[in-house]
Amino acid sequence: MPTTDEQSAQPVLQGPQQSRPVVEADTVVMVPAPREGDAELVQNADDLDTRAAEQEDLADQARHDEESAAAVAEARQSTGPAAPAYDPAEREAVLKVMRERRDIRNGFRSDPIPHEVLLRVLEAAHHAPSVGHSQPWDFVVIRSADTRRAMHELAMRQRDAYAKSLPKGRAKQFKELKIEAILDTPVNIVVTADPTRGGRHTLGRHTQPQMAPYSAALAVENLWLAARAEGLGVGWVSFFDEREMVRALGLPEHLEVIAYLCVGYVDEFPDEPELLQAGWSKRRPLSWVVHEETYGRRALPGEEPHDLLAETVAQIRPLDAKALGEAWERQKRMTKPAGALGMLEIISAQLSGLSRQCPPPIPEPAAVAIFAGDHGVHAQGVTPWPQEVTAQMVANFLGGGAVCNAFATQVGAEVCIVDVGVAADLPATPGLLPRKIRAGTSDLTTGPAMTREEAKQAIEVGIETARDLVAAGNKALLTGEMGIANTTASAALISVFTGADPAEVTGRGTGINDETLARKTEVVRRALELHQPDPADPIGVLAAIGGFEHAAIVGLLLGGASLRTPVILDGVSAGAAALVARAIAPEVLAACIAGHRSAEPGHVAALNKLGLRPLVDLDLRLGEGTGALLALPLVQSTARAMHEVATFDSAGVTEK
Ligand SMILES: Cc1cc2nc3c(=O)[nH]c(=O)nc-3n(C[C@H](O)[C@H](O)[C@H](O)COP(=O)(O)O)c2cc1C
C-alpha cells in the first residue's frame with residue numbers, strides 16, 4: 001500500500017542549458033594576404049576577384065550588423081510616451097470576450113438573427129489580418145433547411161466513421177457528445193479560403209502556401225468573438241470530408257473550406273468548454289506551453305525557467321488521508337461482508353486517496369504508452385533476438401497486429417507508441433510519437449548507457465507523454481515497453497535498488513538457454529562492477545545502466561503521479577523504472593498499481609521492494625504493456641463498485 005506520510009523528495013539536478021551562439025557586431029573578416037608558395041591563393045585573377053567581392057560582402061555585413069545593433073540601442077533609449085493602451089474597462093471588455101467565447105453545440109434557439117447584427121459580425125471577421133493583405137476568405141451564409149439537412153447528413157456519416165475508429169473506452173464517452181448544431185441554428189456560415197487570391201506574388205505566401213488558410217482561420221476567430229459580444233453562439237463543425245463538402249455546396253473547386261459554423265442565439269454560454277465539462281479533455285496550464293528563449297526552458301514572464309522534472313516532482317503528493325478514510329468507511333457500508341473484495345478494496349481506497357474523491361473517478365478511458373528503445377548491451381549476446389526486432393515490433397504495434405493491440409481492443413484502451421531510442425529511422429505514422437533521444441543506448445559493459453542529460457531528456461519524454469495523455473482525457477495510464485535486450489538493463493537496475501545479487505534478478509527474458517543466461521548474468525555483474533552505481537543518485541544509475549524506455553517510464557510514473565492519475569505497471573521493466581522513480585520521489589507510489597507479476601525473477605524482487613502486490617499472476621513475460629492491460633478491467637471494476645454498489649442503509653439490508 002503506498003505511503004500517505006509526507007516525505008520530501010530527492011533534489012533533482014538541473015542540466016546545463018544550451019547557450020545560443022553569439023555573433024559579435026564588430027567582427028571584420030579580412031582576406032589573408034597570400035603567402036609565399038601558397039599556390040591556391042594566387043592561382044588566378046578570377047579567384048582574387050571573387051575573394052575581393054567576398055571581402056566587400058563581409059564588410060557590408062559587418063556594417064549592417066553594426067547599424068542594426070545601433071538601431072536596437074537607439075530603440076531602447078527612445079523617449080516620450082508610447083502609444084496609449086486601452087483604458088482598464090475597455091481592456092477588460094476585450095479580455096472578457098476572449099475568455100467567454102465558447103464553442104456552442106447545446107441550447108441553441110431558433111430566434112432569427114437581425115441583419116444588422118450579422119453584418120457587424122461579418123465586418124469583424126473581414127477585419128482579420130491576412131498574409132500579404134490578401135484577404136483570402138469568403139463567407140457563404142446558409143439558411144436553407146434543405147442545404148442544412150444535406151450538410152447534416154454528411155456530418156453524421158463522418159461522425160459514425162470517427163466513432164468506429166475510437167477505442168471502446170473513448171467511444172462510450174463520444175456517444176454522449178453533441179458535435180454539431182447544423183439543424184438547430186437559423187444560420188450556418190461556411191468560411192472558405194482562396195489560395196490564389198492576391199496573385200502569384202502575395203507577400204509572405206511564397207514559401208508557405210498554408211498562410212492563406214491560416215489567415216481565413218483568423219477571420220473565423222474574429223467572427224467568433226464578435227458573435228459572443230452580440231450574445232450569439234457559434235459552433236465549429238469539422239466532421240466533413242472537405243472535398244465532398246465543396247462539391248455538395250457547389251463551391252468553386254479551387255476554394256478550401258476552412259470552417260463550417262453554426263450560428264444562433266443560445267440559452268446560456270457555459271463557463272468552460274463543453275468538452276472539458278463532459279470530461280473529454282482537460283485544460284493545459286499556461287505554464288506548460290510558454291518557453292523562454294529556447295524550447296523546453298519553460299517560464300512564465302517574470303519567472304525563472306523551471307525544470308520540468310523538478311516541477312513534476314514538486315507536484316507529487318501522498319494519498320489524501322480524508323478521501324482514504326471515506327473510502328474505508330464506504331467499503332464497510334457497501335452491501336457485502338467487510339473486506340470481501342480483498343485486494344480490490346485496497347485499490348479502490350488508493351484511487352480515492354489519489355484523486356481526493358470518494359467514490360473515485362472510474363479510470364476510463366485509459367491509454368497504454370509503449371516506449372520503444374534499443375540497447376548497446378545487445379552486442380554482448382544477451383539475447384538470441386536480433387536488434388531489428390525492436391523496430392519491426394513497433395511497426396507491428398502500429399499496424400495493430402501485436403498482442404498488446406488485441407488486449408487493448410478487448411479492454412477498450414488507446415495504444416500510444418513512443419520512439420524514445422529505436423536504432424532505426426521510423427516513418428511518421430499516426431499513433432507513433434517521434435521522441436528519439438538517440439538510436440539506442442551505448443553498451444553498458446564498456447561505459448555509461450546514456451549521458452546524464454540524455455537520461456533526463458528521456459524522463460522528460462515520459463512526463464510529457466503523461467501530460468498529453470491526461471490532458472486528452474485519459475483517466476488511467478498503463479506502462480508498456482519494447483526493446484530487445486532490455487531485461488538485461490532491468491536486471492541491473494533492480495540489482496542496484498534491491499541490493500540483490502545479479503544471479504537472483506537476472507532472468508531468461510524472451511526465453512534464453514542456460515548458457516546465454518550465464519552470460520547475461522555475468523554482463524550485469526560486470527556492469528555493476530564498472531559503474532559502481534549509487535542508488536542515492538537515481539538519475540546517475542539510470543544513465544549508467546538503464547535504457548531510454550526505462551527512463552521514459554520513470555517520467556510517465558512521475559508525470560501520472562503529479563497529475564493524480566493512476567498508473568498501472570506492466571512487467572519487469574516497469575518494476576525497474578518504478579524503483580528509480582521511487583528513489584527520485586517516494587510518493588510516486590501513491591499513483592502506482594502493479595498490474596501483474598511477470599515470470600522474470602527480478603520482477604518479484606522489485607515488487608517486494610516497492611511493497612506492491614500484483615493483480616494478475618499468469619506467468620506472462622511479453623512486455624508491451626500486456627499485463628497492465630489485463631489488469632485494467634480489475635482496476636475499473638473496483639472504482640465502479642464504489643459508485644454503484646448499494647450501502648446497507650440505502651438497500652435496507654440488515655448488517656451482521
Ligand atoms: C478548428 C476547430 C474545429 C472544431 N471542430 C469541432 C467539431 O467538429 N465539433 C465540435 O463539437 N467542436 C469542434 N470544435 C470546437 C472545439 O471542440 C472547442 O473549441 C474546444 O473544445 C474548446 O472549447 P471552447 O471553444 O468553448 O473554448 C472545433 C474547434 C476548432 C478551433
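Residues are numbered from 1 along each chain as its sequence is written. In this predicted model, local features need pLDDT of at least 70, side-chain atom pairs count only at pLDDT 80 or more, and totals for chains, interfaces and linings use all residues.

The unreviewed UniProt entry annotates Glu624 as "active site". UniProt positions follow the numbering used here, feature names are shortened, and annotations may be inferred rather than shown by experiment. Glu624 sits in the loop between α21 (601-610) and α22 (626-644). Helices (H or I, at least four residues) and strands (E, at least two) are DSSP runs, numbered from the N terminus. Glu624 is buried, because 27 other C-beta atoms lie within 10 Å. A residue is buried with 20 or more other C-beta atoms within 10 Å of its own, exposed with 12 or fewer, and partly exposed in between; C-beta atoms are placed from the backbone. Beyond its neighbours within four places in sequence, Glu624 contacts Ile370, Ala402, Val403, Cys404, Gly480 and Met482. Contact requires C-beta atoms, placed from the backbone, to lie within 7 Å.

Seven of its ten residues are buried, so α21 is largely enclosed by the rest of the structure. The buried residues are Gly602, His603, Val604, Ala605, Ala606, Leu607 and Leu610. Their cover includes α15 (486-498), α16 (502-505), α20 (572-584) and β10 (592-594). Gly611 follows α21 and has a positive phi, near 75°. Asp619 lies in the loop between α21 and α22. Its phi is also positive, near 60°, in a residue other than glycine. Asp619 counts as exposed because it has 8 C-beta neighbours inside 10 Å.

Helix α22 packs against α11 (residues 343-355), with axes that come within 9 Å and cross at roughly 75°. The two helices are therefore roughly perpendicular. Axes are lines fitted to C-alpha atoms, for helices over the stretch in contact, and angles run from 0 to 180 degrees between N-to-C directions. Angles under 35 degrees count as roughly parallel, over 145 as roughly antiparallel, 65 to 115 as roughly perpendicular and the rest as oblique. Leu344, Ile347, Ser348 and Leu351 of α11 meet Leu634, Val635, Thr638, Ala639, Ala641 and Met642 of α22. This contact has eight nonpolar, two polar and no charged residues. Ala, Val, Leu, Ile, Met, Phe, Trp, Tyr, Cys and Pro count as nonpolar, Asp, Glu, Lys and Arg as charged, and the others, Gly among them, as polar.

Helices α2 (residues 88-100) and α6 (residues 211-229) pack at about 105°, with axes 9 Å apart. They are therefore roughly perpendicular to each other. Val97, Met98 and Glu100 of α2 meet Leu225, Arg228 and Ala229 of α6. The α2–α6 contact has four nonpolar, no polar and two charged residues.

The ligand is surrounded by Arg102, Asp103, Arg105, Ile179, Glu180, Trp236, Val237, Ser238, Phe239, Pro273 and Leu275. A residue is near a molecule or strand if its C-beta atom, placed from the backbone, lies within 6 Å. The shell has six nonpolar, one polar and four charged residues.

The loop between α11 and β5 (366-373) holds Pro359 and Pro365. The Cys358 to Pro359 peptide bond is cis, with omega near -5°. The bond from Glu364 to Pro365 is cis, with omega near 0°.

How values were computed
Contact = placed C-beta atoms within 7 Å.
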